[in-house]
Amino acid sequence: MTIHVRVRAERSTGEKRVAATPDSVKKLLAAGATVEVESGAGAGSLIMDAAYEAAGARIVARDQAVAPGILFHVRPLTAAEIATLPPGAITVGTLDPFQNAAAVAAARDGGITSFALDLLPRISRAQSMDVLSSQSLLAGYRLVTIAADAFGRMFGMTMTAAGTLAPARVLVLGAGVAGLQAIATAKRLGGVVSANDVRAASADEVRSVGGTFIDLDLGTAEAGGGYAKELAEDRARRQQELLAPHIAASDIVITTAAVPGRAAPRLVTAAMVAAMKPGSVLVDLAAESGGNIEGSVAGERRAIEVTGGVATLIGARDIQSDLAPDASKLYAMNCANFAALIMREGDIVLDFDDELVSGSAVTHDGKIVNDRVAATVEEVRA
Ligand SMILES: NC(=O)c1ccc[n+]([C@@H]2O[C@H](COP(=O)([O-])OP(=O)(O)OC[C@H]3O[C@@H](n4cnc5c(N)ncnc54)[C@H](O)[C@@H]3O)[C@@H](O)[C@H]2O)c1
């Protein structure tokens with residue numbers, strides 16, 4: 001039997017990524033699959049239909065019905081999109097299942113097996129499929145280039161006969177995959193970089209990429225699996241108070257703090273922004289999920305009045321699409337590597353004893369197979 005893989009052209013405005021590249025197509029073909037790519041799917045990532053064809057894929061119209069098999073996608077599918085899939089279809093991509101109860105319910109009711117790559121356990125064996133890591137890495141880099149562009153000054157200390165330019169002071173809040181990449185990138189540009197996070201391992205991780213760790217003496221907040229836990233209200237307030245002088249002393253603040261399944265923690269208040277120097281820049285990766293910085297709006301660049309001038313507050317949106325060719329290259333290989341896990345000699349084999357399969361499966365056989373997601377969907381319905 002041949003496994004049929006369909007690669008979706010993303011429909012969401014501003015989304016330029018695609019879940020397959022010519023290289024990942026070759027990998028899928030070598031594993032015994034046939035691959036169909038929706039026409040124009042790679043255009044935003046500078047991959048033309050002809051390049052997919054040259055790699056051995058077939059180009060199909062976007063509205064052509066999806067045949068039984070595996071569907072690769074980037075953005076979470078909507079309930080309406082899932083309803084068009086044939087029963088037994090397997091979807092592989094990001095699902096954000098805690099925020100997308102309707103889509104999860106549609107997958108359950110349609111007999112779809114859905115895998116959320118954003119739910120994969122963060123263990124070594126999952127690294128090659130880990131879309132959160134591959135995409136956060138690019139986001140971390142891009143946050144710094146956005147900040148550098150808006151800053152309009154040099155990052156690195158520069159001494160010339162005409163005078164000395166001081167280095168930019170960069171503060172990164174949240175030092176997960178994106179934050180660490182932001183620290184490393186800002187450091188490479190010559191900034192003086194410091195960072196804070198609430199996980200125990202983060203102090204060493206920050207130092208390992210060249211940043212100075214700011215220890216607020218707040219204790220750690222961990223939920224297991226390498227993830228942070230939400231701080232109780234009094235500790236969260238204390239964190240803000242302790243961060244305030246560091247923020248006021250910074251030229252650039254980049255925030256990437258997140259707690260899985262929760263709104264982003266509020267780390268920077270409007271008063272803290274107002275206490276910054278004129279010309280300061282803040283970029284908030286969490287703008288789409290509640291915002292680490294009060295007043296940040298995804299996709300907007302705002303001038304905030306500060307004493308003597310303005311600071312610039314930028315809410316990030318779709319920033320991986322700003323680096324679409326790279327983002328797609330990594331995302332596509334994440335998908336192909338996951339597919340390799342469920343394809344055996346031309347057949348689909350779903351081994352739910354494998355923690356990567358069971359950890360990322362959301363729906364299967366008419367049921368929601370992830371208990372936490374099932375509870376969320378029930379909650380939304382109640
Ligand atoms: N395969 C692997 O081994 C692997 C791969 C990738 C990531 N990881 C680990 O997974 C974990 C999660 O990484 P992520 O980037 O997805 O995290 P994430 O996107 O969930 O969160 C980003 C960062 O925000 C931090 N944060 C949360 N609340 C905060 C607060 N109030 N103040 C400051 N910081 C706060 C978190 O601790 C985290 O470092 C990390 O421990 C990372 O090292 C492991």
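The C-alpha centres of domain 1 and domain 2 lie 33 Å apart in this predicted model. Domain 1 comprises 3-130 + 324-381 and domain 2 comprises 137-317, with bounds that come from an automatic or database domain assignment. The contact between the two takes 5 residues from domain 1 and 4 residues from domain 2, where two residues are in contact if their C-beta atoms, placed from the backbone, lie within 7 Å. On the side of domain 1 that touches domain 2 there are 3 nonpolar, no polar and 2 charged residues; here Ala, Val, Leu, Ile, Met, Phe, Trp, Tyr, Cys and Pro count as nonpolar, Asp, Glu, Lys and Arg as charged, and the others, Gly among them, as polar.

Residues are numbered from 1 along each chain as its sequence is written. Because the model is predicted, local features need pLDDT of at least 70 and side-chain atom pairs count only at pLDDT 80 or more, while totals for chains, interfaces and linings use all residues.

An open sheet is formed by 8 strands in the order 3-2-1-4-5-6-20-21, with mixed pairing; helices (H or I, at least four residues) and strands (E, at least two) are DSSP runs, numbered from the N terminus, and two strands pair if DSSP finds at least two bridges between them. Strand 3 (58-60) and strand 21 (367-368) are the edge strands, each pairing on one side only. Within the sheet, strand 6 (residues 113-116) and strand 20 (residues 361-364) pair in the antiparallel sense over 2 bridges, and S114 stands opposite T363 in strand 20.

Helix 5 (131-151) and helix 10 (residues 324-342) pack at an angle of about 170 degrees, with their axes 9 Å apart; axes are lines fitted to C-alpha atoms, for helices over the stretch in contact, and angles run from 0 to 180 degrees between N-to-C directions. That angle makes helix 5 roughly antiparallel to helix 10, a description used for angles over 145 degrees. The contact is made by V131, S134, Q135 and L138 of helix 5 and by D326, A327, L330, Y331 and N334 of helix 10.

Helix 5 also supplies at least two residues of the shell around the ligand, as do helix 6 (177-188) and strand 13 (227-228). Of the 33 residues around the ligand, G174, G176, G226, A228 and A257 come nearest, a residue being near a molecule if its C-beta atom, placed from the backbone, lies within 6 Å of it. The shell divides into 17 nonpolar, 12 polar and 4 charged residues, and at least three residues come from each of domain 1 and domain 2.

Note on methods. Parallel < 35°, antiparallel > 145°, perpendicular 65-115°, else oblique.
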